[in-house]
Amino acid sequence: MKVAVYSTHGFEKPYLIKACGDDHELIFIEEELSEHTVEMARSCIAVALFTSDRANAQIIEKLSGFGIKYLVLRSVGFDHVDLNAAGKFDVKVANVPAYSPYAVAEHAVALLMALNRKLLPAQKLMDANDFRLDGLTGFDVHGKTVGIIGFGKIGQAFAKIMNGFGCRVMCYDPQPMHESIIGQNVEFVKLEVLFMTSDIISIHCPLNKSTHHLLNKEAFNLMKKGVFLINTARGPIIKTDDLIDALAAGQIGAAGLDVYEFEKGLFFHDHRNELVTDKLFEKLRNFKNVLISGHQAFLTDAALKGIADTTAFNLNCFNKGIDTINEL
Ligand code: NAD
């Protein structure tokens, strides 16, 4: 099949080429899918999308008009695709429901530990030949209470690591859990209890109507003063304005963010020769107790291979006219 691969990044290209072999003709497009770039998919049968691509109803209608029959997502999350519109225009959509949950869970731990043990300021002192330790005090994670919002694949991987640290782990998830999962060393609690009890909160739920701005002023006010907040899920789950106020007031002790509410157009691009005009982002970046990575939690060798293999699998199934278990 001829496939338009939007938002192609250098880091994933070799994995996609290897996984697809001679089965598919991949047209690599560096630009994001938008009203301005949708034309580039003409003559293709399928389109492969990254998290930064937006497939809204208008774009899906255009793609369908070009004869596009399949959308394959190189991601777990599918909040960037209008599934209703895809159904309406008979465009089949499949995602990569699991690749390496460890990649994301371990990155959440990396953010937590780098913030807690003040590794970035420590590196700056080291670079300046200043070997004093003042201002670098952290805390033992052992014995702390960790709250996990969303106990799916990544949330569970994160829980196991936190269990290993010797933490009390509690989680909130609206889905009833299988007994084998409940057997893990975690307590299922109401969201308010998680907010009120946790020393560290890590977000691992999808972005949807129920989770948009789930972490807002009211939620922050319920939390323990000085709580550490980690978000590797999706930016809009946190209301950034409210987070900035909570950080300024010391209500949030530190924030480790791999995702940002307004990251579209910002993350994944080289802005070195421009001014970044996003005032909220600038405010966030100026906090010493905020550590931001540019949506890179998935970026491990195992995860890239998993994404490419499942993308090729989805394309193969569509090509052969057989169902893929990953169809949304
Ligand atoms: P998953 O589907 O296995 O688990 C998500 C869990 O969240 C499910 O158990 C679900 O019941 C729960 N959930 C749904 N609504 C909720 C709510 N209102 N409150 C609390 N929990 C809720 O997904 P996963 O593989 O664990 O991935 C989780 C999210 O991580 C994805 O949706 C994606 O947005 C994000 N993600 C980010 C990166 C990255 O690079 N930063 C990479 C992969 C995934």
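**Figure 1. Asn129, an exposed loop residue.** At 59% relative accessibility, Asn129 counts as exposed in this predicted model. You will find Asn129 in the loop that runs between α5 and β6 (145-149). Look at the backbone here: phi of Asn129 is positive, about 60 degrees, although the residue is not a glycine. Most residues other than glycine have a negative phi.

**Figure 2. Ser7, a buried loop residue.** This view turns to the loop between β1 (2-5) and α1 (13-20), which is the place of Ser7. Ser7 also has a positive phi, near 50 degrees, and is likewise a residue other than glycine. Is Ser7 buried or exposed? With a relative accessible area of 1%, Ser7 is buried.

**Figure 3. Asn314 and its polar partners.** Follow helix α12 (residues 301-320) and you will come to Asn314. Asn314 has a relative accessible area of 0%, so it counts as buried. Which side chain makes a polar contact with the side chain of Asn314? That partner is Thr324, at 2.9 Å. A polar atom of the Asn314 side chain also lies 2.9 Å from the backbone oxygen of Asn95.

Figure 4. The side chain of Asp258 has an N or O atom 3.0 Å from a nitrogen atom of the ligand. Phe298 takes part through its backbone, where an N or O atom lies 3.2 Å from a ligand oxygen.

**Figure 5. The second largest pocket.** About 490 Å³ of space lies in this pocket. Its lining is made up of 19 residues, and the closest to the centre are Leu120, Pro121, Phe287, Lys288 and Val290. Which elements give two or more residues to this lining? They are the helices α4 (101-116), α5 (119-127) and α11 (279-286), together with the strands β11 (252-257) and β12 (290-292). Sorted by class, the lining has 11 nonpolar residues, 4 polar ones and 4 charged ones.

**Figure 6. The largest cavity.** The model has 3 cavities of 30 Å³ or more, and the largest cavity holds about 60 Å³ of space. Take a tour of its lining, and you will meet Asn231, Gly235, Ile238, Thr240, Leu243, Leu257, Val259, Tyr260, Glu261 and Leu284. These residues divide into 6 nonpolar, 3 polar and 1 charged.

Figure 7. How many disulfides does the model contain? The count comes to 0. Cys205 is in no disulfide, and the nearest cysteine sulfur, that of Cys171, is 12 Å away. Cys205 is buried, with a relative accessible area of 10%.

Methods: Residues numbered from 1 in each chain as written. Predicted model: local features only at pLDDT ≥ 70, side-chain atom pairs only at ≥ 80, totals over all residues. Heavy atoms only, no water. 1 Å grid on protein atoms, 1.4 Å probe; cavity = no way out; pocket = protein on both sides within 12 Å on 5 of 7 lines; lining within 4 Å. Points joined across faces, edges and corners; volume = space filled by probe spheres on them. Helix = DSSP H or I, 4+ residues; strand = E, 2+ residues; numbered from the N terminus. Nonpolar A, V, L, I, M, F, W, Y, C, P; charged D, E, K, R; others polar. Disulfide = S-S within 2.5 Å. Buried < 20%, exposed > 50% of the residue type's maximum accessible area, 1.4 Å probe, protein only. Polar contact = N/O pair within 3.5 Å; in protein donor to acceptor, adjacent residues only side chain to side chain.
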